[in-house]
Amino acid sequence: MNATLQSLIRAVEEADSSTLLLEAVQNLAAARLEGSVPTLIAALGYNNPGAAVAAVDGLIQIGEPAVPALLDQLDRHNYSARAWAIRALAGIGDPRGLVTLLGAATADFALSVRRAAARGLGAMKWHWFPDDLLEIAQEEALEALLFVAQQDEEWIVRYSAVVGLHCLATAISANYVDWRSQILAQLEQMANSDDNWAVRGRVWMAQQQLLATTAVPQTQLVAVQPSPLSAMDWHLIMEKLYERRDQERLVFPEGDPRRYRELAVAIAQNPQNS
Amino acid sequence: MDNESGIQDDNQLTVEQAIANLQGEDLGLRVYAAWWLGRFRVDAQEAIDVLIKALEDEDDRTEVGGYPLRRNAARALGKLGDRRAVAPLMRALECSDFYVREAAAQSLEMLGDLSCIPILIELLNNHVPGTLPAPEPPQLAQPFDSILEALGTLGATDAIPYILPFLDHFLPRIKYAAARAMYQLASDPYEANKYGDRLIQELSNKDLQLRRAVLADLGAIGYLPAAEAIASTLAENSLKLIALKGLLEKQLQQTTPPNLSSGAIKVMTLMDELL
């Protein structure tokens with residue numbers, strides 16, 4: 001651990017007022033050092049909103065290296081820290097957070113969490129996904145976002161679902177014409193009937209931008225960075241998605257989920273696919 | 001409807017029951033019913049009638065002489081949008097209870113009927129006999145912020161000379177309310193922006209509570225030049241989003257749907273980042 005990091009962390013630990021804590025967390029977050037992850041995550045639980053905002057921003061900047069610790073945090077009991085951790089996961093867009101975000105967007109009782117998760121579902125790092133897993137992942141995200149757009153009582157969560165759908169529509173491959181038209185149909189419906197003008201405004205923006213561009217075939221999308229995820233990560237993501245889908249399909253079974261099992265084996269055996 | 005403890009929850013209360021409770025013996029249930037009718041926007045004729053009657057209630061008094069039922073009835077009537085409430089709310093501005101006057105001024109602002117402007121100006125100048133100061137510090141004579149906001153929303157240009165002195169009031173939130181009203185009332189845009197810019201400066205105030213107050217004011221007037229400053233001030237994203245929603249709605253009113261002004265697109269781009 002270098003000297004700068006050590007002194008920045010010490011400043012957080014020794015802060016004895018909420019202003020000092022805020023400043024110390026802001027400074028630590030601004031340094032963007034991977035070694036600060038545990039301290040930033042701890043700051044999510046200090047019941048100091050300013051410090052938590054700064055810590056979330058810092059964690060998002062650090063990105064993927066922060067994800068395992070964030071997911072671990074979600075298993076703890078501090079509710080408010082959980083909410084902040086979900087916000088950070090949404091901001092990072094790491095596929096390991098996908099299933100958590102699906103649950104948070106559709107079922108969390110805090111509107112700020114649903115809001116962050118809905119946007120995060122659109123802005124996943126889709127280009128990292130292996131082809132077959134991409135299909136099920138995007139389908140789950142699409143269903144969750146349509147549900148939130150149709151059902152959520154809070155205008156800002158529906159607004160966020162529109163942002164998520166807008167983003168997802170630009171990310172899905174041209175092969176999925178049906179998904180794209182489902183998104184456009186949902187937007188059209190909201191453009192006419194959502195009772196909130198801000199939501200309608202965001203729908204118009206999404207419609208105008210989506211109609212101005214046509215879907216790009218997935219192969220033409222250039223991955224900005226290669227995926228740092230391991231075959232084991234993908235295996236776990238797939239298992240969780242499969243479980244989620246299985247729960248949903250208990251009542252209305254459709255399709256053959258076994259192919260996802262086969263996919264898991266294929267990925268585990270052939271890590272360079274990931 | 002009553003359970004054993006005599007407490008009713010929201011799910012059990014019906015419109016008929018709320019109206020009945022408002023005229024019943026139990027003071028607690030009366031106050032709750034008045035709130036409930038506003039909360040669930042029950043604008044039935046009968047609900048309006050009983051709420052107007054409740055503005056003259058004498059049964060429910062606090063230790064220092066306040067009228068809790070009148071306060072809730074005044075608040076509810078603003079939400080229900082029936083102009084029959086205008087004259088009774090104007091009479092409520094003469095109530096000895098500071099908080100009844102505050103609620104009445106806010107509701108008159110919501111109802112948008114210009115006939116209340118003269119008495120609001122009288123109240124701003126503290127010329128209404130029989131009114132008492134707020135019972136707790138800083139013991140203001142009148143709910144100046146609510147009165148100023150109402151005069152601004154109602155477009156009361158006659159009130160300008162009486163509003164100007166409040167721009168330097170010792171209480172920041174009253175100062176903000178005056179700047180907000182002057183923004184709405186100023187005849188030329190250049191002058192209006194001077195008042196809007198005063199509010200933007202307050203987004204750098206060291207006190208979080210005051211930054212929150214000024215966010216609400218900027219959202220209420222939909223002041224577009226404040227967009228970036230709102231997005232970057234130190235406050236909860238939820239409050240920034242609500243303020244930006246005010247800016248966005250103002251922008252949407254200025255174009256024919258689904259056309260979007262460049263201002264609307266700018267505001268939405270900022271909002272997206274705060275989700």
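A residue counts as partly exposed when its relative accessible area lies between the buried limit, under 20%, and the exposed limit, over 50%. Gln139(B) has a relative accessible area of 48%, so Gln139(B) is partly exposed. The model described here is predicted.

Gln139(B) lies in the loop between helix 7 and helix 8 of chain B. Its phi is near 50 degrees, a positive value in a residue other than glycine. Asn126(B) is placed in the loop between helix 7 and helix 8 of chain B too. The phi of Asn126(B) is near 60 degrees, again positive in a residue that is not glycine. With a relative accessible area of 38%, Asn126(B) is partly exposed.

The loop also holds Pro138(B), between helix 7 (117-124) and helix 8 (144-153) of chain B. Pro137(B) and Pro138(B) are joined by a cis peptide bond, with omega at about 0 degrees. Another cis peptide bond joins Pro257(B) to Pro258(B), and omega is about 0 degrees there. Pro258(B) sits in the loop between helix 14 (237-253) and helix 15 (262-274) of chain B.

Chain B as a whole contains 15 helices and 0 strands. A compact globule of 275 residues would have a radius of gyration near 19 Å; the value for chain B is 20 Å, which agrees. The C-alpha atoms of chain B fill a box of roughly 55 × 40 × 35 Å along the principal axes. Of the 275 residues in chain B, 53% count as buried. Contacts in chain B were also sorted by sequence separation. Among those with a separation of 6 or more, 60% come from residues 24 or more positions apart.

The next part concerns the interface. Chain A gives 18 residues to the contact, and chain B gives 21 residues. The area buried between chain A and chain B is about 1,800 Å². Carbon and sulfur atoms give 66% of that area. Arg119(A), Trp204(A) and Met205(A) supply 29% of the area that chain A buries against chain B.

Between chain A and chain B, 9 residue pairs are in polar contact, with both residues at pLDDT 80 or more. The interface of chain A and chain B has 2 salt bridges by the rule used. Arg202(A) forms a salt bridge with Asp272(B). The closest N and O atoms of Arg202(A) and Asp272(B) are 2.8 Å apart.

Which elements give two or more residues to the side of chain A that touches chain B? They are helix 8 (111-122), helix 10 (155-171) and helix 12 (197-212) of chain A. Helix 12 of chain A gives the largest share, 7 residues. By residue type, the side of chain A that touches chain B divides into 9 nonpolar, 5 polar and 4 charged residues.

Within chain A, one residue is described by its setting. Glu140(A) is found in helix 9 (residues 131-151) of chain A. Is Glu140(A) buried or exposed? The relative accessible area of Glu140(A) is 1%, so Glu140(A) is buried. The side chains of Glu140(A) and Arg245(A) are joined by a polar contact of 3.2 Å.

Definitions and conventions. Residues are numbered from 1 along each chain as its sequence is written. Chains are lettered from A and ligands numbered from 1 in the order in which they are written. This is a predicted model: local features need pLDDT of at least 70, side-chain atom pairs count only at pLDDT 80 or more; totals for chains, interfaces and linings use all residues. Side-chain values use heavy atoms; hydrogens and water are left out. Contact means heavy atoms within 4.5 Å. Buried area is the accessible area (1.4 Å probe) that two parts lose on being put together, summed over both. A salt bridge is a side-chain nitrogen of Lys or Arg within 4 Å of a carboxyl oxygen of Asp or Glu. A polar contact is a pair of N or O atoms within 3.5 Å; within protein, one must be able to donate a hydrogen and the other to accept it, and residues adjacent in sequence count only if both atoms are side-chain atoms. Helices (H or I, at least four residues) and strands (E, at least two) are DSSP runs, numbered from the N terminus. Ala, Val, Leu, Ile, Met, Phe, Trp, Tyr, Cys and Pro count as nonpolar, Asp, Glu, Lys and Arg as charged, and the others, Gly among them, as polar. The radius of gyration is taken over C-alpha atoms; the globule rule is 2.2 Å times the number of residues to the power 0.38. Buried means under 20% relative accessible area, exposed over 50%, partly exposed in between (1.4 Å probe, protein chains only).
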